[in-house]
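User: Hey, can you walk me through this one? I'm new to reading structures.

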Amino acid sequence: MVLEVALIDIAPGQEDAFAAAYRKGHEILATTPGCLSVRMTQGIESPSRFVLLVEWDTVASHEDNFRATDRFTQWRALIGSYFAQPPLVEHFNDIHP
């Protein structure tokens, strides 16, 4: 399992509209082959900052089944206009004891 972490800064005052757009687009992301779970969080101290957490079976699933497809185009069309700047997206592996 690979965890995608996206730090998303939204234009101030657009937080509710962004959250509504995310809700509309959630299914696009969540039903992508290889997507295991999706979670969006909103900052308490910084309410214009959101963190998207997506579990993928592999990095390739994220890149090939989502980023390189029309799913990504649809997703970005819904939420992209609210970005204050491009999101910072990285992938992480769990550290097991």
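User: Which residue stands opposite Glu55 in S3?
Analyst: That's Leu3. By the way, this is a predicted model, where local features need pLDDT of at least 70, side-chain atom pairs count only at pLDDT 80 or more, and totals for chains, interfaces and linings use all residues. Residues are numbered from 1 along each chain as its sequence is written, and side-chain values use heavy atoms, with hydrogens and water left out.

User: Over how many bridges do strand S1 and strand S3 pair?
Analyst: Eight, in the antiparallel sense, between S1 (residues 2-9) and S3 (residues 49-56). Strands are DSSP runs of E with at least two residues, helices are H or I runs of at least four, and both are numbered from the N terminus. Two strands pair if DSSP finds at least two bridges between them.

User: What's the strand order in the open sheet?
Analyst: S2-S3-S1-S4, four strands with antiparallel pairing. S2 (35-42) and S4 are at the edges with a single partner strand each, so one side of each has no neighbour in the sheet.

User: Which strands does H1 touch?
Analyst: H1 packs on the sheet and touches S1, S2 and S3. Touching here is contact, meaning heavy atoms within 4.5 Å.

User: Switching topic: how many aromatic pairs are there?
Analyst: Six, from a search of the whole structure. Rings of Phe, Tyr and Trp (its six-membered ring) pair if their centres lie within 6.5 Å; planes under 30 degrees apart are stacked, over 60 edge-to-face, and the rest tilted. Phe18 and Tyr82 make an edge-to-face pair, 6.4 Å centre to centre with 70° between the planes.

User: Where do Phe18 and Tyr82 sit?
Analyst: Phe18 is in helix H1 (residues 15-30) and Tyr82 is in the loop between helix H3 (70-79) and strand S4 (88-92), so the pair ties together parts 64 residues apart in sequence.

User: And Phe18, buried or exposed?
Analyst: Phe18 counts as buried, at 0% relative accessibility. Buried means under 20% relative accessible area, exposed over 50%, and partly exposed in between (1.4 Å probe, protein chains only). Tyr82, at 18%, counts as buried too.

User: What about Tyr22 and Trp75?
Analyst: They form an edge-to-face pair, 6.0 Å centre to centre with 80° between the planes. Tyr22 lies in helix H1 and Trp75 in helix H3, so this pair ties together parts 53 residues apart in sequence. Ring pairs also link Tyr22, Trp56, Phe66, Phe72 and Trp75 into a cluster.

Methods
Axes are lines fitted to C-alpha atoms, for helices over the stretch in contact, and angles run from 0 to 180 degrees between N-to-C directions.
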